[in-house]
Amino acid sequence: MKISRVGSTNELKSTVEDIAIDQGEIPANVESCGCNWPVVLRFTIPADWKTGYYDLYLAGAEGEGTHHFFNLKPGPGKPRSRAAIVLATNTYQAYNYWGGANSYAHVEKLMRGEVDAAGSEQEAKGRLSRMRPYAQGLLMPRLGQPRLVNPAPRELGMAAHPATPEWMAEHQPSPYDFSACFVGKWEHAFVCWAEENGVELDYFTDQDLEAGAGILDPYRAVFLVGHSEYWSAPARDAIDSLHEAGGNLIVFSGNTAYWKVRWEEDGQVMAVHKWRGESDDPLWGTPEEGRDGTHMWSHPAFGRPEAEMTGLSFLYGGYHRLGLCVGRGSAAYTIYDDKHWALEGTDLYYGDCIGGDIPLVGYENDGCPIRFDRRGLPVPDGGFGVPDDLSIIALAPATLFEDPAAPYPPIVPPGDIAILARIAHGEDNPVNRERLQHGHAVMASFRRGNGEVFNAGTTEWVHGLAAGDPYIDRITRNVLTRFGVPIGASD
């Protein structure tokens, strides 16, 4: 076993040889029950190892290999820096299909052609154990794996495709390999930028936040990056407490805090019942169970929509440059409030577009209902939990699902449109269903408690940093400076 810290470089920290193991049996329903394999090795983490993401590479005698990971958090009450990143490990779990199924579908049956997409979704799991390996395509991407966004606008008459067709045809990845985990994805891209620019970070996971209120209070700012989709009630408590303590939240993520989950069995099993959270079956845990129910955080039964925490919601945003969802979009943000503090020194003005060549707006994006005020600038127009004082900086169109009248086969699962219309706009009717198709990615900020929130509104923000885009870089530095996060000498 080789243990390496993964950041802007991979640093080999330790090697353990001659580990004796027996072949473990794979139990039935392993996705929910876990493997229950015996412990074959223990090791002590040296006190001088830095907080961060650590890759575990295990190589067998015949040369076969597999990866796992752990996150090393700072010691109790011993913050090493003024900022922390929370790795979206609940989202990792929701997408992990090792054993066959995840929270979305029976992925292996789908890949083998035994069921169609609808049939695979019927075999999704509502309880997922973390006591199992990870699907390797998800955890450790293949070389050259494309981003989950179309790199160029769809051409006239071209059917939608999810990414680079040639690479997809050669490697045959699962459709769920792109949307979560660390290596080669969003959080990794941000960590590389941070380390290269002297930004010190402490690392936590979603499950660390099960400690609830207080765990993040020592920090001036907390980062959510990429695809931080699945959140528990104690994790929300941790962010609420951060804001009351004067800390700030920086969201370089899309689809943030969309699904409400809970951890069971001493933190070994994540309940994630999604649409079935409204079922009468007590297995699912209905929204009416309040704090312990599972469904969308925007469900009125919880009284705690995610927009209260982040300012925005995927309900009012959606996809961009993915399939037919804004398939010919510019992938750029259009600047509206050019006097906003986040744009200081950017040389950006009203109507300027940024990030189209990256693409900056793509995959999943959060937004809010909008209207235009007497100045001709967008302001929030309601929306469940959206703060009245939200400052909208920039916009791009987004939609929750592909046009059902289009002559092309859809590739974006729409979800339960009736529930979406009812939760987003109060009632399921044709007008409100149409409104779901007319969303926006939104870049915004607002005050919360004794702190402040900046929300980039898109999963792809950090790819602007990775590309060295001068506008994205300067905006990011402005946010960090305002929120009290030191930047190294390269600033």
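The largest pocket has a volume of about 2200 Å³. The model is predicted.

Me: Which residues lie nearest the centre of the largest pocket, and how many line it?

Reply: The lining counts 50 residues. Trp37, Leu56, Leu58, His68 and Pro133 lie nearest the centre. Next, look at the elements. Those giving two or more residues to this lining are β3 (52-59), β4 (65-72) and α2 (89-95).

Me: Which element gives the most to that lining?

Reply: β4 does, with eight residues.

Me: Now the sheet. What is the strand order in the open sheet of nine strands?

Reply: Read across the sheet, strand by strand. The order is β7-β5-β8-β10-β21-β20-β19-β14-β15, and the pairing is mixed.

Me: Which strands stand at the edges?

Reply: An edge strand has a single partner, so one of its sides has no neighbour in the sheet. Here the edges are β7 (202-205) and β15 (353-354).

Me: In what sense do β5 and β7 pair?

Reply: Parallel, over four bridges; β5 covers residues 83-87. For a landmark, find valine 86, which stands opposite phenylalanine 204 in β7.

Me: What does helix α7 touch on the sheet?

Reply: α7 (residues 186-196) packs on the sheet and touches β5, β7, β8 (221-226) and β10 (248-253). Its direction makes about 135° with that of β8.

Me: Is α7 mostly covered or mostly open?

Reply: Start with the general idea. An α-helix has 3.6 residues a turn, so residues three or four places apart point the same way. Then count the buried positions. In α7, nine of 11 residues are buried, so take "buried" as under 20% relative accessible area. The buried set is Trp186, Glu187, His188, Ala189, Phe190, Val191, Cys192, Trp193 and Ala194. Just after the helix, glycine 198 has a positive phi of about 70°.

Me: How many residues of α10 are buried, and which ones?

Reply: Seven of nine, in a helix spanning residues 417-425. They are Ile417, Ile419, Leu420, Ala421, Ile423, Ala424 and His425.

Me: What covers the buried residues of α10?

Reply: The cover includes β13 (313-320) and α11 (430-436).

Me: What should I look at around the ends of α10?

Reply: At the start, check the side chain of aspartate 416. One of its oxygens reaches to within 3.2 Å of the backbone nitrogen of alanine 418. After the helix comes glycine 426, with a positive phi near 90°.

Technical notes:
Residues numbered from 1 in each chain as written. Predicted model: local features only at pLDDT ≥ 70, side-chain atom pairs only at ≥ 80, totals over all residues. Heavy atoms only, no water. Buried < 20%, exposed > 50% of the residue type's maximum accessible area, 1.4 Å probe, protein only. Contact = heavy atoms within 4.5 Å. Polar contact = N/O pair within 3.5 Å; in protein donor to acceptor, adjacent residues only side chain to side chain. Pairing = 2+ DSSP bridges. Axes fitted to C-alpha atoms, helices over the stretch in contact; angles between N-to-C directions. 1 Å grid on protein atoms, 1.4 Å probe; cavity = no way out; pocket = protein on both sides within 12 Å on 5 of 7 lines; lining within 4 Å. Points joined across faces, edges and corners; volume = space filled by probe spheres on them.
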